[in-house]
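Please open the structure in your viewer and keep the selection tool at hand.

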Amino acid sequence: MTSPESVTDSAPEPAPVRESEASPLVRIRSLLPGLARAEQRVAKVVLDDPSSVARRSITEVALAANTSETTVTRFCKAIGVGGYPQLRIALAADTARTEARSSRNLGGEIGPDDDLAAVIGKVSFADARAVEETADQLDVAALQRVIDLIAGAGRVDVYGVGASAFVAADLQQKLHRIGRVSFAWSDTHIMLTSAAVLKPGDVAVGISHTGATTDTVEALRVAREHGAITVALTNFPRSPITEVADHVLTTAARETTFRSGATASRIAQLTVIDCMFIGVAQRHMDAAVSALDATRDAVGHHRLGVRPDGRRRPRETGK
């Protein structure tokens, strides 16, 4: 019997992803761009109503996705859950956790008729979920390897454009404050010239939510060609940037209406950056504390002499 899927739907079966305690929906969203078209239809059915899929048979899901049971099984393996029974169990558990976290429906799209209170609720919910899901799926061993590399690097160059440029600048500023030689670049030409002068012992970090930003991918490729260790921070573990990265760290932020997902993606990236920075600082604790004290003192005279509660600070006596 001919399979409902067309020949153009077929694609080489991707390597299974690492099992983790993260929500299966996080893994599905992150791997979605790299799935075959028939598998993407299965993914859409699951993402649209995960609690319903947890109660449906594999035949029902295959029909809803206009594909075969074999493709549903292949989809399950591609997202790292083994098979359809395991997917149903994972979805049921995830649904229960989600319902326990909040009784309000704040995870939906922002509509044109939503009042400001609803917008605040949905944006803050998306941001909080991005941080939580990023932490759940973050590969601790991979993060530790990156921390070790940055802690021992002669120089760290960070690349990012658009919204990711702000995250790159934040990492550079944090590393610079504890005495690590670091630069952040967002201009394509400067990124490439920076990458071209890196050498073995240096680290290049590329930050891209989609993992498909040409400027960042190219800069990381050039840095790798010149001997630098390359690190990618992206939301999609099978995106083009991972092909030029020696080490990959992932976030878990979803896109929503009016690009509020762009805010969530930055917050998710900053979560990883903060963990990375603290790990590096711990490796050089005494030097890091001294550097932070020195930089704090250096800018101290450029702050108004007012305490956070609004009262004026006492005048320094020098005693």
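**First stop: T251**

Select T251, which counts as buried because its relative accessibility is 2%; buried means under 20% relative accessible area, exposed over 50%, and partly exposed in between (1.4 Å probe, protein chains only). The model is predicted: local features need pLDDT of at least 70, side-chain atom pairs count only at pLDDT 80 or more, and totals for chains, interfaces and linings use all residues. Residues are numbered from 1 along each chain as its sequence is written, and side-chain values use heavy atoms, with hydrogens and water left out.

T251 sits in the loop between β5 (247-250) and α12 (260-283). Helices (H or I, at least four residues) and strands (E, at least two) are DSSP runs, numbered from the N terminus. Beyond its neighbours within four places in sequence, T251 is in contact (heavy atoms within 4.5 Å) with residues including T134, L233 and A268.

**Second stop: the nonpolar cores**

Next, select I150, V156, V205, I207, L249 and M276, the residues with the most contacts inside the largest nonpolar core, which has 28 residues. A nonpolar core is a set of buried Ala, Val, Leu, Ile, Met, Phe, Trp, Tyr and Cys residues joined through side-chain atoms within 4.5 Å. At least two residues of this core come from each of α8 (140-151), β1 (156-159), α9 (163-177), β3 (203-207), β4 (229-234) and α12. Apart from this core lies another, of 22 residues, among them L35, A54, F75 and L91.

Move to D274 in helix α12. Is D274 buried or partly exposed? D274 is partly exposed, with a relative accessible area of 32%. Leaving aside its neighbours within four places in sequence, D274 is in contact with D170 and K174. D274 and D170 are 104 residues apart in sequence, yet 9.2 Å apart in space, C-alpha to C-alpha.

**Last stop: the whole chain**

Finally, display the entire protein chain, in which there are 13 helices and five strands. Of its 319 residues, 43% count as buried.
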